[in-house]
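Good morning, and thank you for coming. Please look at the structure on the screen while I describe two parts of it.

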Amino acid sequence: MTAARSPHAAEDLRRVGLRVTAARVALLETVRHGDHLGAEALAAGVRDRVGHISVQAVYEALHALTAAGLVRRIEPAGSPARFEGRVGDNHHHVVCRSCGAVADVDCAVGHAPCLAASDDHGFTVDEAEVTYWGLCPGCSPAGNP
């Protein structure tokens, strides 16, 4: 099985100094087309595109992509890490307490960090991370007929 190469993903890898491989291109595309997926789901997506890849190789590639700023890692409490392709802004997330669904939420106010700490303890704050918790429409009693 061969991966359909995305010039955009390959260019992005080159731009940040990462070697372009079929597996990295497939992983970056899978992250970008996914919805806050975990490593296992990403590995399955990469396998669909290029054939066999170990979960360990996916973790190693995710680490490189995250360090290079092409992928964002989020870790909702009580959940394994998830990965998304929306980077470069300071958006937040809403997480379902029941099924674990995750969705993006834009900053409530202005630009990053979009929230002001009541006491920054002398830190130069450049990012704020907020997680809203609740029930998604499918899990909410009000959302079920």
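I begin with a definition: angles under 35 degrees count as roughly parallel, over 145 as roughly antiparallel, 65 to 115 as roughly perpendicular, and the rest as oblique. This is a predicted model, in which local features need pLDDT of at least 70 and side-chain atom pairs pLDDT 80 or more, while totals for chains, interfaces and linings use all residues. Residues are numbered from 1 along each chain as its sequence is written, and side-chain values use heavy atoms, without hydrogens or water.

Helices (DSSP runs of H or I, at least four residues) and strands (E, at least two) are numbered from the N terminus. Consider helix α2, residues 22-33, and helix α3, residues 39-50: their axes come within 9 Å and cross at roughly 125°. Axes are lines fitted to C-alpha atoms, for helices over the stretch in contact, with angles from 0 to 180 degrees between N-to-C directions. The two helices, α2 and α3, are therefore oblique to each other. Contact means heavy atoms within 4.5 Å; among the residues that meet are A26 and L27 in α2, and L42 and V46 in α3.

I turn now to strand β3, residues 92-96, where 4 of 5 residues are buried, that is, under 20% relative accessible area with a 1.4 Å probe, protein chains only. Strands pair if DSSP finds at least two bridges between them. β3 pairs with β4, residues 102-105, in the antiparallel sense over 4 bridges, and H93 stands opposite D104 in β4. With strand β5, residues 131-134, β3 runs parallel, joined by 4 bridges; V94 has Y132 in β5 as its bridge partner.

How values were computed:
Buried < 20%, exposed > 50% of the residue type's maximum accessible area, 1.4 Å probe, protein only.
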